[in-house]
Amino acid sequence: MQKSTSLKYQDIMSKSFVSVLCLVFIVFSVGVQSLYAQGSGTITGTVVDKASGEELLFTNVQLEGTSLGTSTNELGEFTIHQVPAGDYTLVTTYIGYNQQSIQVSVVAEQTIEVEVELEYAGVLAQEVLVTAQASGQMSAINNQLNSNTIKNVVSADRIRDVPDVNAAESVSRLPGLSLIRNGGEGQKVAIRGVSPQYNVTQVNGVRMQSTDRDDRSVDLNMIAPNILSGIEVTKALTADMDADAVGGTVNLKIGKAAEGFQGKFSLQGGYGSLAETYGNYRATGYLSNRFFNNKFGVQVSGFLDNNNRNSDQVNVGYTLNEEDVLVDGFIPIDLAGVTMRDRVTDRQRTGGSLVFDYQFKNGSLIFNNFISQLDGESLLQQNQFSLNGNQWSGITEQTESKNTVYSNALQGDFDFGFLSMNFSVSNSVSKQKVPHHLQMQFQIAQNAAGFSTPTLENPVESTWNNLLSSAEVIDGPTDRRISRFETLLRDITEEAQEVALNFNVPFSLSQSISGIFKFGGKYVRNFRDNDEEQTFTDPDRNPRGEEFLALAKDSLWTDFGFENIDRNLGIRAFLFEDPDYDVGDWLDGDAGISDFFFKGDIATANEYKELAERAGYYDSEPQESTQRDYTYERKLNAFYASAEVNIGKYVTLFPGIRYEEFDFDYRAFEVLRWGQYYLDFDSEEVKDDEVGGENWFPQLQLRVKPTDWLDVRLAATKSIIYPDYRAVSPYIYINTFQGPSMNLGNPALQPALADNLDAYVSIFDNKLGLFTAGYFYKEIENLIVSSDFRTKDPADINNRYVISNTSQTAVSTWINLEGTSTVKGFELDWQTRLYYLPGFLKGIVLSANYTHLKSETEYPLQTTRKEGSGPFAPTVFIDTTRTGRMPNQPDDIFNFTLGYDIGGFSGRLSYQFTDNILVNTNRTFRELDSFTNSYRRWDFTAYQKLPWLGGGLQAYVNINNITNTPDRSFTSELQLLSGLEYYGRTVDIGLRYSFE
C-alpha cells in the first residue's frame with residue numbers, strides 16, 4: 001500500500017464537493033450576517049411527560065410553516081437559533097404522545113424560554129398506561145426518526161428493564177445485524193452481512209480498540225449492558241464519522257447523572273444446563289447525583305458476573321473422491337475424520353464507569369471513564385480420528401486469558417449562539433493477555449494405525465457418529481504415547497490517543513431555508529504491540545526432550561514411574577491419564593457416546609512442564625515465538641466539512657466531504673527454518689515505514705418528510721477498509737526444510753474502497769408505531785482476502801524473497817481482489833404497541849424485523865493440469881477466480897419479540913433466526929467450502945414489581961436458549977455436517993432494586 005492519491009474520478013468528485021461546500025458556506029455567511037443586521041432571537045426550552053415530569057428525549061420541535069426546527073437532546077432540552085422576530089406556532093411531536101402546539105413570540109436579540117408538556121396517547125379514563133417496554137420502544141423510534149442519518153437504536157429503558165447477558169446480545173435484535181457466537185453467547189456483530197472487522201465500535205463516540213489477535217474487530221461480550229444508557233447503530237456515514245465503517249458504527253452510550261439522587265442495583269444467580277451448575281451469578285450497581293444547583297454531576301456504575309460456558313463439540317472432516325462421477329454437479333465427498341471435544345469454561349466479567357460532568361450556562365464538560373475486563377479459564381479434552389492411515393491423536397489443554405478494554409475521555413460541548421463547538425480528548429486501550437496456556441499432545445506410538453472399525457464395511461462412506469460408535473482405539477500399555485508439551489504466552493496491547501474538534505455554524509437565509517454548516521477534524525495516533533512466546537519439550541524422538549526425560553527419570557521425578565521404554569518414542573500415555581474426568585452427557589446424548597477414549601491429566605502435565613522449565617529444557621519455538629511478533633503505529637489526520645440544509649418544512653439536505661491521510665510504521669520478523677530442530681532457525685527484525693495513503697470521502701444524504709406520517713431518506717456515501725494488522729505486516733516465514741513454503745504479510749496491500757447507496761421509507765403514527773422498509777447496495781473495490789497458491793515467480797510476492805525457480809513454493813498471504821465485490825439487500829422493521837386494544841390486550845408490545853442479503857465476490861482459484869502424458873509429465877498451476885458470497889453474510893435474518901406489560905408485570909418472548917453464513921472458501925474446490933448452519937433461538941425474560949421498599953423492588957427471570965439449540969456448521973453446499981456444538985440453556989433468577 002504505497003502512498004498514492006485516490007482514483008481520478010474520486011479527485012474530480014472531491015473537488016466538486018469542496019467547491020460546492022465553500023460556495024454554500026460563503027452564501028450562508030452572507031445570509032447570516034444579513035439576518036443578524038435585521039435582528040433575530042432564540043427559542044430554548046424543555047419537553048417533558050405531563051404526568052411524570054420526565055424529560056422526553058429526541059422530541060421533534062418545529063416552527064410551523066418554516067424550515068426552523070430541531071429535536072431535544074439527551075436531557076430533553078432544545079434550542080432554535082436565528083429565528084426572525086415575529087409570532088410563531090411551536091409544534092412538538094413525539095411518537096406515542098399527542099402532538100402539542102403553543103404560540104411563541106420572538107423578540108430580536110432575546111431568548112424565549114418555554115416548557116412543553118406532552119400527554120401520552122395511551123391515557124384512557126385518566127389511567128396512564130406508559131409501560132416499561134413501550135417507553136423503551138417509543139424512545140428508540142423517536143431517536144431514529146430525528147436522526148440526521150440512517151440508524152437503529154436500543155434505548156436505555158429496554159436495556160435496564162429487560163437485560164441481556166452482554167452488549168452483543170442487546171444489539172443483535174436490530175434489523176440487519178447478526179451475531180458471531182462463542183460459547184453460547186454473542187461475541188461480535190456483523191452489520192448487513194459485513195464482517196465485524198469492517199465496522200467501528202465506540203463508547204460515547206470514542207473508538208474502542210481491537211480485541212482480536214489479528215484483525216480490527218471488537219468483542220462486545222466483554223461489556224455488561226447495565227452500564228449503558230443506550231446503543232446506536234449508524235448504517236449510513238456522515239462526513240464527521242470515521243470512514244472505515246463499511247457495515248456501520250456501533251456506539252455504546254454511557255449517560256451522565258440525572259437530577260436527584262438515584263440508584264439501581266441487581267443481584268442474580270443462575271443455572272447452566274450443560275454443566276448442571278448453579279454457580280452463575282451477576283451483581284450490578286449504579287449511583288448518580290447532582291450537586292451545586294445541579295451544575296456538577298457524578299455517576300458511577302459497576303458489574304461483576306461469572307458464567308459457565310461449557311460446550312460439547314464435534315468437528316467432521318471430509319475429502320474429495322475425485323475418481324467418482326459428479327453428483328448434481330459436485331465432486332463426491334468422503335468422510336476423512338472426526339474430532340471430539342469437551343470444553344469446560346468459566347468466564348468472569350468485571351467493570352464499570354465513572355462519569356463527571358459540569359454544566360455551564362452555555363455548555364458542558366464531561367469526563368467519561370470506562371473499563372471492562374473478561375477473564376476466562378478453560379480445560380479442553382480432545383480425541384481425533386483420521387481415516388488416512390487410521391491415525392488417532394488428541395490433546396489436553398488448559399488456558400487462562402484476560403482481555404481488558406478501557407477509555408478515558410474529556411469532552412466538551414458549548415453553544416455561543418452564532419457558533420457552537422465540541423471537542424474530545426481521549427485515550428483508549430485494549431489488552432489481550434494469555435498468562436497460561438499449556439497443551440499436552442498424545443498419539444499412537446510410531447504413527448502406527450491407532451484404531452480399527454470392525455463393524456464398518458467402508459468407513460469413508462459412513463457417518464461421523466457411526467465412526468465414533470464403531471472405533472476401537474489400540475489400548476496396549478505402550479501403544480498410546482505423550483508426544484509434546486507446549487506453552488503459549490501472549491501479550492497484546494493496542495492503544496489510541498485521539499483529539500477531535502468540531503464547529504457548527506447555524507444559518508437562516510429565510511424562514512424557508514435554514515440549517516447548520518459543520519466543519520472540523522481529528523488526529524489519531526494508534527499503537528499496537530504483539531508479543532507471543534511459545535516454548536516446548538518433545539519426549540518423542542527429539543534429542544533435547546529425550547535428554548530431559550532421562551534426567552527426570554533418574555533424579556528429578558524418580559517416583560513417577562518413568563522407564564527406559566518412555567524414551568525415544570514418547571511417554572506412555574497412561575502415566576498422564578485422568579480416568580476420573582467426567583465428560584457428562586456429551587452432545588446432549590445425541591451421539592450415543594458416553595465417554596472419551598483418552599482424557600489427559602492436566603495437573604500432571606503442569607508438573608512435567610515446570611520441571612522442564614527449572615531444568616532448562618523447556619525451549620523456545622522460534623517460528624511461533626517470532627512470526628506473530630510486531631509493533632504497529634498508525635497516524636491519521638482527518639478533516640471534514642458538511643452542511644445540514646433545511647428547505648421548507650419537508651426537505652433536508654446533508655452534503656459533506658471528508659479527507660483522511662494515514663501512514664503505518666511496522667516492525668516485524670523474518671524467520672527462516674532449514675532443519676528439523678529448534679536450533680535450525682534464524683530470525684532478524686524487518687521494518688516498513690513506507691505504508692500510507694490519502695483518500696477523499698464525499699457523503700450526501702437527503703431526508704424528505706412530505707407528510708406528518710412519512711419519512712424518506714436517501715444516502716450516497718463512501719467508506720474504506722484498512723488492511724488487518726497481520727495482513728499488512730512485513731513479517732515473512734520461510735520453510736526450506738519442508739515444502740518449500742512461505743507465510744508472509746503483504747505491505748503492498750491497498751485499502752478497499754466502498755461506494756454505498758441507501759434508500760429508506762418510514763411510515764409512523766401513534767397506532768401503527770413505526771414501519772420502515774429500506775434498500776442498500778455496496779460496491780467494494782480491492783477487497784482484501786487471504787490467499788494460498790504455488791509459484792516459482794518472486795514477482796508474485798513483490799520480490800520480497802528469492803524463491804526457488806526449480807520447484808513450486810507454497811505461499812500463504814493476503815491479496816487485493818481485482819474484481820468488484822457487491823453487497824445488497826433490503827430491511828423491513830415494524831415496532832408498535834397495542835395500547836388502544838380493549839382489556840388486557842392493551843399491554844402488548846410487538847417488534848419484528850426481516851433482512852434479506854445477497855453478496856457476490858470473486859475468490860482466487862488455482863487449478864492444476866498436466867502438460868503431456870506419462871508419469872513424468874510436468875504439472876502446471878493455473879490462476880483463475882470463482883464467484884461466491886462474502887464471508888459472514890447470511891441470506892436472511894429475522895427477529896421477533898412479543899412483549900406484554902400489565903400492572904407491575906413485564907415479560908418478553910424473543911425469537912431469532914440467522915441463515916447460514918460462508919465461513920471459509922477452499923482455494924481449489926467449492927465442494928470443501930465451510931458454512932455455518934442456520935441458527936434459531938428462543939429466549940424469555942420477565943420481571944414483577946414487588947410491594948416493598950417503596951415499589952422499587954423487582955424479581956426477574958431470564959431463560960436463554962430455551963430449546964437448547966446447538967451451533968452447527970457444514971461442509972459444501974451439500975450440507976455435510978462438519979461441526980456441532982452444544983452449550984445448553986441458562987436460567988437466571990434475581991432481584992433488582994431502584995430508587996429516585
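This is a predicted model: local features need pLDDT of at least 70, side-chain atom pairs count only at pLDDT 80 or more; totals for chains, interfaces and linings use all residues.
The chain contains nine helices and 50 strands. Its radius of gyration is 31 Å, close to the 30 Å that the globule rule gives for 996 residues, so the chain is as compact as a globular protein of that length. Along the principal axes, the C-alpha atoms occupy a box of roughly 100 × 70 × 60 Å. Of the 996 residues in the chain, 57% are buried.

Salt bridges were counted next, and the total comes to 45. One of them joins the side chains of Asp-305 and Arg-282, with an N to O distance of 3.3 Å. Asp-305 belongs to strand S17 (residues 296-308) and Arg-282 to strand S16 (residues 277-291), so this pair ties together parts that are 23 residues apart in sequence. Asp-305 has a relative accessible area of 1% and is therefore buried, the cut-off for buried residues being under 20%. Arg-282, with a relative accessible area of 9%, is buried as well.

A second salt bridge is formed by the side chains of Lys-433 and Asp-491, at 2.9 Å from N to O. Here Lys-433 lies in strand S22 (residues 420-444) and Asp-491 in strand S25 (residues 480-508), so the pair ties together parts that are 58 residues apart in sequence. Lys-433 is partly exposed, at a relative accessible area of 30%. Asp-491 is also partly exposed, and its relative accessible area is 30%.

Strand S25 also holds Glu-494, whose side chain meets that of Arg-528 in a salt bridge of 2.7 Å, N to O. Arg-528 is found in strand S26 (residues 513-537), and the pair links distant parts of the chain, 34 residues apart. Both Glu-494 and Arg-528 are buried. Elsewhere in the list of salt bridges, shared partners join Arg-207, Asp-242, Asp-244, Glu-498, Lys-522, Arg-658 and Glu-660 into one network.

At least two residues of the nonpolar patch come from each of strand S35 (752-765), strand S36 (769-781) and strand S39 (820-833). The largest contribution is that of S39, which gives three residues. Leu-828 is located in strand S39. With a relative accessible area of 32%, Leu-828 is partly exposed; membership of a patch requires over 30%.

The other patch is negative and is made up of Glu-54, Glu-55, Glu-77, Glu-259 and Glu-996. Within this group, Glu-55 is placed in the loop between strand S1 (40-49) and strand S2 (60-63). Glu-55 is partly exposed, with a relative accessible area of 43%.

Definitions and conventions: Residues are numbered from 1 along each chain as its sequence is written. Side-chain values use heavy atoms; hydrogens and water are left out. Patches are made of residues with over 30% relative accessible area and no salt bridge: like charges are joined within 9 Å, nonpolar side chains (Val, Leu, Ile, Met, Phe, Trp, Tyr) within 5 Å. Accessible areas come from the Shrake-Rupley method with a 1.4 Å probe; for residues, only the protein chains shown count as cover. A salt bridge is a side-chain nitrogen of Lys or Arg within 4 Å of a carboxyl oxygen of Asp or Glu. Lys and Arg count as positive and Asp and Glu as negative; His and the chain ends are not counted. The place of a charge is taken as NZ of Lys, CZ of Arg, CG of Asp or CD of Glu. Helices (H or I, at least four residues) and strands (E, at least two) are DSSP runs, numbered from the N terminus. Buried means under 20% relative accessible area, exposed over 50%, partly exposed in between (1.4 Å probe, protein chains only). The radius of gyration is taken over C-alpha atoms; the globule rule is 2.2 Å times the number of residues to the power 0.38.
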